[in-house]
Amino acid sequence: MAAVVTSHTELQLVVDTADASSGGLMSSTIVAKGIKESLISTLTKFHAGYFRVSLSLGGQALLWKTLRGPTDDTHTLRRTLHLFHPTAFTVLWSLSFFALVLLSILYLLRCLFYFKMVKEEFFHHVGVNYLFAPSISWLLLLQSSPFFTPQTHYSYTVIWWVLAVLPIAVLDVKIYGQWFTKGKKFLSAVANPTSQLSVIGNLVGAQAAAEMGWKESAIGLFSLGMVHYLVLFVTLYQRLSGTDQLPSMLRPVFFLFFAAPSIASLAWQSIAGSFDIASKMLFFLSLFLFMSLVCRPTLFKVSMKKFNVAWWAYSFPLSVLALASMEYAEEVKGNTPHLLMLLLLTFSVFVSICLVVFTLLNSKILLFLPQCFDPISSLISRAMCSTPEQNQQRPQTV
């Protein structure tokens with residue numbers, strides 16, 4: 001038999017219990033809905049440009065592994081820097097690994113649920129270049145890992161092929177193929193500073209292959225990267241009418257101009273076995289390009305007014321330039337090369353720390369503001385932030 005309510009107190013108790021259960025169910029529904037909306041918002045605004053964070057952290061990890069590694073450099077400065085505790089490097093590498101895994105998971109979810117947006121990135125002249133960033137990041141973490149080395153052949157080889165070289169090869173065929181075949185996206189029409197990421201991907205792959213002892217593969221990737229770097233560098237240097245296609249907010253990617261020759265000098269050192277004349281020439285070129293940009297701070301004035309993920313483009317080039325200066329100082333000896341190494345190393349670490357702090361303080365800006373606050377998202381989905389008439393009036397040149 002059903003229970004009978006015999007008093008007003010019992011009736012009130014039953015009503016309160018029913019309200020509490022319905023209220024709890026409603027609050028759980030609201031929380032679940034909020035989480036779903038937050039995830040949707042994150043995935044729709046997320047893009048491959050966010051891998052600049054893992055790229056920068058991976059560059060720092062490789063820098064500090066090289067700094068702590070075995071060396072023939074007996075200079076007092078190098079021996080002093082070698083005294084840093086290895087735990088700090090392990091923490092840095094772990095942070096880099098965690099960031100890359102998190103970004104990779106988010107991008108895989110974006111591919112699964114918003115493939116149309118990923119397709120728009122793939123066909124965009126700026127967005128497609130950042131598709132190289134995940135593979136470059138994995139290669140940097142592979143080379144800087146404190147847990148296994150190229151001598152651990154099987155795991156190193158699997159990661160090198162699956163996570164890095166195959167994606168880079170597919171993108172090479174797509175991008176380089178359209179440059180010299182007929183079509184709308186020929187080089188002079190789509191070239192921009194971010195195009196150098198395709199070159200960097202091949203050069204980092206060549207460096208990793210050389211460390212495994214695969215000299216033929218390393219030379220193949222190096223030659224592919226350098227030939228296209230020369231063509232791309234000349235195209236960008238001439239400032240042809242089709243190459244000025246970046247908004248002012250993306251000007252930090254100009255630092256990629258000296259990242260490519262810096263990586264090339266390190267890759268050739270791994271292939272040749274020493275920091276020879278070719279590596280020195282590439283290092284001096286990167287140093288000249290770095291000084292050319294540093295002497296023009298007004299070029300970055302607009303992009304520095306408000307924090308966005310494009311700021312992370314400063315860190316990785318500085319890390320690889322500092323890394324190249326370390327190899328140069330070890331080869332040449334003397335106080336001047338070591339002083340240059342110390343200056344570049346200090347600058348690189350300072351910029352990376354500042355970027356981490358700014359990112360933590362402005363984390364909501366990165367994923368939860370409208371797309372018009374993100375320079376890459378606004379390029380790919382410009383119609384979501386403004387009308388077609390405004391798009392025509394907005395300046396596109398850098």
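How many helices and strands are there in the protein?

1. There are 17 helices and zero strands. Helices (H or I, at least four residues) and strands (E, at least two) are DSSP runs, numbered from the N terminus. The model is predicted: local features need pLDDT of at least 70, side-chain atom pairs count only at pLDDT 80 or more, and totals for chains, interfaces and linings use all residues. Residues are numbered from 1 along each chain as its sequence is written, and side-chain values use heavy atoms, with hydrogens and water left out.

2. Confidence. The pLDDT, which is the predictor's confidence in each residue from 0 to 100, averages 79 over the protein, and 76% of the residues score at least 70. For residues 369-373 the pLDDT is below 50, and the model gives this stretch 14 contacts beyond near neighbours in sequence; a contact means heavy atoms within 4.5 Å. Residues 383-398 also stay under 50 in pLDDT, and the model has 25 contacts for them beyond four places in sequence. Where pLDDT is low, the predicted coordinates should not be read in detail.

3. Overall packing. Of the 398 residues, 51% count as buried (buried is under 20% relative accessible area, exposed over 50%, partly exposed in between; 1.4 Å probe, protein chains only). Among contacts between residues at least 6 apart in sequence, 80% join residues at least 24 apart. The protein exposes about 19,500 Å², of which carbon and sulfur atoms supply 71%; accessible areas come from the Shrake-Rupley method with a 1.4 Å probe, and for residues only the protein chains shown count as cover.

4. Helix 14. This helix has 27 residues, 335-361, and should span 39 Å at 1.5 Å a residue; its end C-alpha atoms are 39 Å apart, which agrees. The expected span is 1.5 Å times one less than the number of residues. Buried residues of helix 14 include Pro 337, His 338, Met 341, Leu 344 and Leu 345.

5. Lys 333. This residue lies in the loop between helix 13 (315-332) and helix 14. Lys 333 is partly exposed, at 38% relative accessible area.

6. Ser 137. Helix 6 (residues 133-144) holds Ser 137, which is buried with a relative accessible area of 0%. Leaving out residues up to four places away in sequence, Ser 137 touches Phe 51, Ser 54, Leu 55 and Leu 100.

7. Cysteines. With a disulfide taken as a pair of cysteine sulfur atoms within 2.5 Å, the count comes to zero. Cys 111 is partly exposed, with a relative accessible area of 24%, and Cys 354 counts as partly exposed at 24%.
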